[in-house]
Amino acid sequence: MSSEPSTLARLSMSLPADLFRKLDMMVEERQLPSRSQLIAELIRHALAAHEALTRPDEMLAGTITLVYRGDRGRVRHQLAQTQADYLREVISAQHVFLEDDQSLEVLLVQGPAIRLKELSDALRRVRGVQQLELVTTTALLPPLYDASKDGPAGAAA
């Protein structure tokens, strides 16, 4: 987020009463200070999803969260092979074992929207994957490595 103060614009909207009650319940359950904060978050998610669909070359960062059944390592091996095919997009991976021979894996990813969608689809096709969700944002990671220098991005030569 920028350190500069942002200007605010007011939005007036009408909602069906039932939806309005559910919105207020969500604000209360999440202990948010206002409806505005929740609505802004929902809009940010919708905009990132829209960017991914309408601008396939747009650079996005995000996470892919997977839940899968173990099956003696076969699934993990296939997931690792798929990730290797997208080496430029997969920044890091975190894996934990869950109960009942299940695993949870979270990938930190960055790249063109179309490549992140292709990666998600390829992972989803691995037999044993039970849940997969790609969450993106248009805010990007800083360059991790600058090949024109001898060290990490921004390091003095």
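The dialogue below goes through this predicted model feature by feature.

Q: What kind of model is this, and how are its residues numbered?
A: This is a predicted model, in which local features need pLDDT of at least 70 and side-chain atom pairs count only at pLDDT 80 or more, while totals for chains, interfaces and linings use all residues. Residues are numbered from 1 along each chain as its sequence is written, and side-chain values use heavy atoms, with hydrogens and water left out.

Q: How many helices and strands does the chain have, and which pattern does the chain follow along the sequence?
A: Helices (H or I, at least four residues) and strands (E, at least two) are DSSP runs, numbered from the N terminus. Here the chain has four helices and four strands, and along the sequence they follow the pattern α-α-β-α-β-β-α-β.

Q: What share of the chain counts as buried, and how much accessible surface does the chain have?
A: A residue is buried when its relative accessible area is under 20%, exposed when over 50%, and partly exposed in between (1.4 Å probe, protein chains only). Of the 157 residues of the chain, 25% count as buried. Accessible areas come from the Shrake-Rupley method with a 1.4 Å probe, and for residues only the protein chains shown count as cover; the surface of the chain comes to about 11,600 Å², with 54% of it belonging to carbon and sulfur atoms.

Q: What share of the contacts joins residues 24 or more positions apart?
A: Contact means heavy atoms within 4.5 Å. Among the contacts in the chain with a separation of 6 or more, 63% are between residues 24 or more positions apart.

Q: Where is E89, and is E89 buried or exposed?
A: E89 is found in the loop between helix 3 (74-85) and strand 2 (90-97), and because its relative accessible area is 8%, E89 counts as buried. Not counting residues up to four places away in sequence, E89 touches L108, V109, Q110, G111, R115 and L116. For one of these pairs, E89 and L108, the separation is 19 residues in sequence and 8.5 Å in space, C-alpha to C-alpha.

Q: Which residue does the side chain of Q102 make a polar contact with?
A: A polar contact is a pair of N or O atoms within 3.5 Å; within protein, one must be able to donate a hydrogen and the other to accept it, and residues adjacent in sequence count only if both atoms are side-chain atoms. Q102, which is found in strand 3 (residues 102-112), makes such a contact through its side chain with the side chain of Q130 (2.5 Å). Leaving aside residues up to four places away in sequence, Q102 touches V67, Y68, R69, F97 and Q130.

Q: What is the phi of D100, and what is the phi of D101?
A: Most residues other than glycine have a negative phi. D100, however, has a positive phi near 60° and is not a glycine, and D101, also not a glycine, has a positive phi of about 55°. D100 lies in the loop between strand 2 and strand 3, and D101 is placed in the loop between strand 2 and strand 3 as well. D100 is exposed, with a relative accessible area of 61%, whereas D101, at 47%, counts as partly exposed.

Q: What volume does the largest pocket have, and which residues lie nearest its centre?
A: On a 1 Å grid over the protein atoms alone, a cavity is a set of points where a 1.4 Å probe fits but cannot get out, and a pocket is an open set with protein on both sides within 12 Å along at least five of seven lines; lining residues have an atom within 4 Å of a point. Grid points are joined across faces, edges and corners, and a volume is the space filled by probe spheres set on the points. The largest pocket has a volume of about 670 Å³, and of the 19 residues that line this pocket, A9, L11, S36, Q37 and A40 lie nearest its centre. Helix 1 (17-29) and helix 2 (35-54) each supply at least two residues of the lining, and the largest share, seven residues, comes from helix 2.

Q: Where is L11, and how far is L11 from S36?
A: L11 is found in the segment before helix 1 and is exposed, with a relative accessible area of 61%. L11 and S36 are 25 residues apart in sequence and 9.3 Å apart in space, C-alpha to C-alpha.
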